[in-house]
Amino acid sequence: MAKIYHDGDADLEILKERTIGVIGYGNQGRAQSLNMRDSGLRVTVGNRDDEYKDRAIQDGFDAQPIEAVARASNVILMLIPDEVQPEVCERQIRPHLRAGDALCFASGYNIHCRRIIPPKDVDVIMTAPRMIGQGVRNLYQQGAGFPCLIGVHQDASGRALDLALALAKAIGATRLGAFHSSFEEETLIDLFAEQMLWPGIIKLCTLYFERLVENGCDPDIVATELHLSGEFVEVARAMITEGFFKQLRLHSHTSQYGQLSRAERMAPKALLRQIDKAMEEIRSGAFAREWAAEQERGCPGLQGLTRKALEHPLNAAEERLASLKDAMARVYIHRGINNATPRPRNRQY
Ligand code: NDP
């Protein structure tokens with residue numbers, strides 16, 4: 001059974017004695033900075049000189065160059081994309097780390113995959129929200145919390161866990177519950193979802209579309225049924241409110257029988273081999289090496305895969321159904337947690 005920490009398990013005092021620097025003001029950086037400030041902490045934001053920095057200043061933060069923040073802070077939250085963290089950390093953070101400082105990550109990836117190896121005399125901790133940045137902020141403002149994984153990779157000060165707990169409380173996670181986890185576990189669950197669960201969903205959805213169209217169905221009607229009607233979201237919502245399997249009782253008996261009987265035969269050996277391969281590549285570090293090499297080449301593989309995905313006929317159906325898509329988007333933007341102001345820009349490879 002997982003150990004779950006709540007507000008009463010964490011004390012913000014340990015952070016009030018420290019200088020907190022947040023590196024990055026994107027998804028998580030903005031949400032966590034605002035939440036920590038609203039929790040009574042003083043936060044400085046480190047960012048390059050561009051619109052993210054302007055946004056931090058508009059939000060009332062003291063925003064400085066990354067190196068200046070690293071020099072002045074003794075608790076440093078790394079809230080820039082995972083793929084740029086190793087270089088930024090090596091060049092702009094590491095030279096300014098002193099014994100007893102703390103480095104905090106929102107993902108286990110770079111530490112577990114040894115893409116960042118911090119000096120031994122600093123605390124290395126993780127507070128990893130299981131929530132997008134906008135949700136982290138919106139739920140905090142609503143007085144609610146969100147799930148979060150915390151972990152300690154290095155405890156140089158002897159107080160690393162207290163620090164991780166205090167950060168989890170300051171961003172609002174312990175209101176709901178922060179799970180005691182590790183950098184390794186966070187990496188596994190995150191990458192395995194990205195490399196097994198979501199690919200499976202993408203593949204099954206596109207096969208559903210392709211086979212129905214091959215069998216004479218109208219692509220626009222299939223696309224509407226597949227995702228634009230919102231049924232997909234409603235089922236996912238019911239999995240949370242009713243239970244993963246218990247929500248089946250909201251479906252007809254025909255549907256229940258069809259879903260459960262066919263799920264039994266959906267794991268042929270070839271699929272299981274792919275699932276095991278994905279796990280092995282994550283555990284051995286082969287995926288981390290493959291992704292690092294891909295980035296060094298400038299991401300031609302990712303660009304090609306993205307192009308291929310955007311050429312799928314499902315996109316053409318969505319374009320024809322633009323007004324339905326906009327109407328449904330409005331329904332879900334109003335009902336969801338994802339209704340904060342949009343990010344300044346999307347990062348594309
Ligand atoms: P974002 O993509 O939103 O980060 C954008 C920020 O990073 C901006 O401030 C941007 O500033 C800065 N940045 C980007 N590239 C560089 C660079 N080369 N040098 C310096 N600064 C740079 O990141 P996320 O918030 O999505 O992710 C941050 C961390 O949180 C990651 O570890 C991620 O795994 C984790 N996480 C993310 C979640 C999410 O909701 N996305 C959920 C849970 C955890 P600039 O204008 O200078 O480019």
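A cavity is a set of grid points where a 1.4 Å probe fits but cannot get out, and its lining residues have an atom within 4 Å of a point. The model discussed here is predicted.

Q: What makes a residue part of the lining of the second largest cavity?
A: A lining residue has an atom within 4 Å of a cavity point. Asp82, Glu83, Tyr109, Asn110, Arg115, Ala288, Trp291, Ala292 and Gln295 line this cavity. Helix H6 (109–112) and helix H14 (286–296) are the elements that give two or more residues to it. H14 gives the most, with four residues.

Q: How many cavities of 30 Å³ or more are there?
A: The count comes to two.

Q: Why is the second largest cavity said to lie between domain 1 and domain 2?
A: Domain 1 (4–181) and domain 2 (186–339) both give residues to the lining, so the cavity lies between them.

Q: How do you know which class each residue of this lining belongs to?
A: Ala, Trp and Tyr count as nonpolar, whereas Asp, Glu and Arg count as charged. The lining has four nonpolar, two polar and three charged residues.

Q: Why is Glu51 called partly exposed?
A: Buried means under 20% relative accessible area, and exposed means over 50%. Glu51 has 33% relative accessibility, so Glu51 counts as partly exposed.

Q: Where does Glu51 sit, and what separates its C-alpha atom from that of Tyr25?
A: Glu51 is in helix H3 (residues 51–58). The C-alpha atoms of Glu51 and Tyr25 are separated by 9.6 Å, and the two residues are 26 residues apart along the chain.

Notes: Residues are numbered from 1 along each chain as its sequence is written. This is a predicted model: local features need pLDDT of at least 70, side-chain atom pairs count only at pLDDT 80 or more; totals for chains, interfaces and linings use all residues. Side-chain values use heavy atoms; hydrogens and water are left out. On a 1 Å grid over the protein atoms alone, a cavity is a set of points where a 1.4 Å probe fits but cannot get out, and a pocket is an open set with protein on both sides within 12 Å along at least five of seven lines; lining residues have an atom within 4 Å of a point. Grid points are joined across faces, edges and corners, and a volume is the space filled by probe spheres set on the points. Domain bounds come from an automatic or database domain assignment. Buried means under 20% relative accessible area, exposed over 50%, partly exposed in between (1.4 Å probe, protein chains only).
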